[in-house]
Amino acid sequence: MGFLTDWITDWLKETLIDGIMGNLSGIFDGVNGRVGEIAEQVGTSPADWNAGVFSLIRELSETVVLPIAGLILTYIATMELIHMIIDRNNLQEIETWMFYKWCFKTAAAILILSNTFNIVMAVFDVAQRLINDAGGVIQGSTDVTPDMMDALQTQLEAMNIGPLLGLWMQTLLINLTMLALNIAIFVVIWGRMMEIYMRVSLAPIPMATLTSREQGQMGQGYLKSLFAVGFQGMLILVCVAIYAILIQGIATSGDPIGAIWTVVGYTVLLVFTLFKTGSIAKSILGTS
């Protein structure tokens, strides 16, 4: 009878350990793969992320918004010419160089407005290059290795059936939190791309004011916001990389149950920081 009891106990224990290791392996594999996926997603330029949407946004910008921006630029250039003449004692102190200056400034404004999309895409090309380089560095340091999993299994084998059963149920909960994490990452990444497309669609209007002394702050603020939403991808990647490195401690922790609940805390923290990346990027670059 004692032999049968021992056999049932060992079988239950082995089953629970296999279930726990299976749940944790799925979590760790998901973390390893997610870092690479996020690096690929946030490191993709707007043109490559969805060619159809980008083509639509570009057509709207060039056919609908650009003519309006041209009118705004005409108004700004005309008002600057009028003020320049009036400020010179009502034509009493007019000099030829003033008109050369105005012509050069207006030509520069037209050149910027004509190449708005090239300028905007250059901003995201810079951000994309930085994100891709960082992704290559981060990816190699976030993997949970098989040795770590073997160390965790050794600790589980020393536990009794009661704690193992509780730990197995908790790992099921962790899998649910990972599902919530996937949804949060989806919302943040897709929301960022939607914001990029909306900003790009209206790019000609603020770019039309860039060379103006009075209204130039609109164009400068717009460029800052572009850099902010571009480098937000870098912050997203950093958040996920930090999370992945923290998760590595689960495999070497001396308290598996406490470590599992620590994962829950890490996951909640990651979701919170992902939604904060946009405001952090904007605050760093001094834009609202």
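Reader: Let's start with contacts. Of those with a separation of 6 or more, what share comes from residues 24 or more positions apart?

Author: The share is 86% in this protein. Keep in mind that the model is predicted.

Reader: Noted. How many helices and strands are there?

Author: There are 10 helices and zero strands. Along the sequence the pattern reads α-α-α-α-α-α-α-α-α-α.

Reader: And what percentage of the residues count as buried?

Author: Of the 288 residues, 39% do. The protein exposes about 15200 Å², and carbon and sulfur atoms supply 66% of that area.

Reader: Let's go inside, then. Which residues have the most contacts inside the largest nonpolar core?

Author: Those are Ile38, Leu270 and Leu274, in a core of 19 residues. Helix 1 (2-42), helix 5 (116-139), helix 7, helix 9 (216-248) and helix 10 each give two or more residues to this core. There is also a second, separate core of 18 residues, which includes Phe117, Ile196, Tyr222 and Leu226.

Reader: Nice. What does Ile38 touch, beyond its neighbours within four places in sequence?

Author: Ile38 is in contact with Gly43, Ile185, Ile189, Ile236, Leu237 and Val240.

Reader: I was also looking at Ile20. Buried or exposed?

Author: Ile20 is buried, because its relative accessible area is 0%, and the cut-off for buried is under 20%. This residue is found in helix 1. Setting aside neighbours within four places in sequence, Ile20 has contacts with Leu156, Leu164, Leu167, Trp168 and Thr171.

Reader: How far apart are Ile20 and Met169, in sequence and in space?

Author: They are 149 residues apart in sequence, and their C-alpha atoms are 8.5 Å apart in space.

Reader: Switching to polar things: what does the side chain of Thr277 make a polar contact with?

Author: The partner is the side chain of Gln232, at 3.1 Å. Thr277 sits in helix 10 (residues 256-284), and with a relative accessible area of 1% this threonine is buried.

Reader: Which residues does Thr277 touch, not counting those up to four places away in sequence?

Author: Thr277 touches Val188, Gln232, Leu235, Ile236 and Cys239. Ile236 is also among the contacts of Ile38.

Reader: On to charges. How many salt bridges does a search of the whole structure find?

Author: Four. As background, side chains of opposite charge can pair when their charged atoms come close. One of the bridges joins Arg58 and Glu62, with the closest N and O atoms 3.0 Å apart.

Reader: Where do Arg58 and Glu62 lie?

Author: Both are in helix 3 (residues 51-87), four residues apart, which is about one turn of the helix. Arg58 is partly exposed at 34% relative accessible area, and Glu62 is partly exposed at 38%.

Reader: Last stop, the surface. Which residues make the nonpolar patch of about 820 Å²?

Author: The patch is made by Leu179, Ile183, Phe186, Val187, Trp190, Met194, Met198 and Phe275.

Reader: Which helix gives the most to the nonpolar patch?

Author: Helix 7 (residues 161-201), with seven residues.

Reader: Why does Val187 count as partly exposed?

Author: Val187 has a relative accessible area of 41%, and partly exposed covers the range between the buried cut-off of under 20% and the exposed cut-off of over 50%. Val187 lies in helix 7.

Reader: Great, thanks for the tour!

Key:
Residues are numbered from 1 along each chain as its sequence is written. This is a predicted model: local features need pLDDT of at least 70, side-chain atom pairs count only at pLDDT 80 or more; totals for chains, interfaces and linings use all residues. Side-chain values use heavy atoms; hydrogens and water are left out. Patches are made of residues with over 30% relative accessible area and no salt bridge: like charges are joined within 9 Å, nonpolar side chains (Val, Leu, Ile, Met, Phe, Trp, Tyr) within 5 Å. Accessible areas come from the Shrake-Rupley method with a 1.4 Å probe; for residues, only the protein chains shown count as cover. A salt bridge is a side-chain nitrogen of Lys or Arg within 4 Å of a carboxyl oxygen of Asp or Glu. Buried means under 20% relative accessible area, exposed over 50%, partly exposed in between (1.4 Å probe, protein chains only). A polar contact is a pair of N or O atoms within 3.5 Å; within protein, one must be able to donate a hydrogen and the other to accept it, and residues adjacent in sequence count only if both atoms are side-chain atoms. Contact means heavy atoms within 4.5 Å. A nonpolar core is a set of buried Ala, Val, Leu, Ile, Met, Phe, Trp, Tyr and Cys residues joined through side-chain atoms within 4.5 Å.
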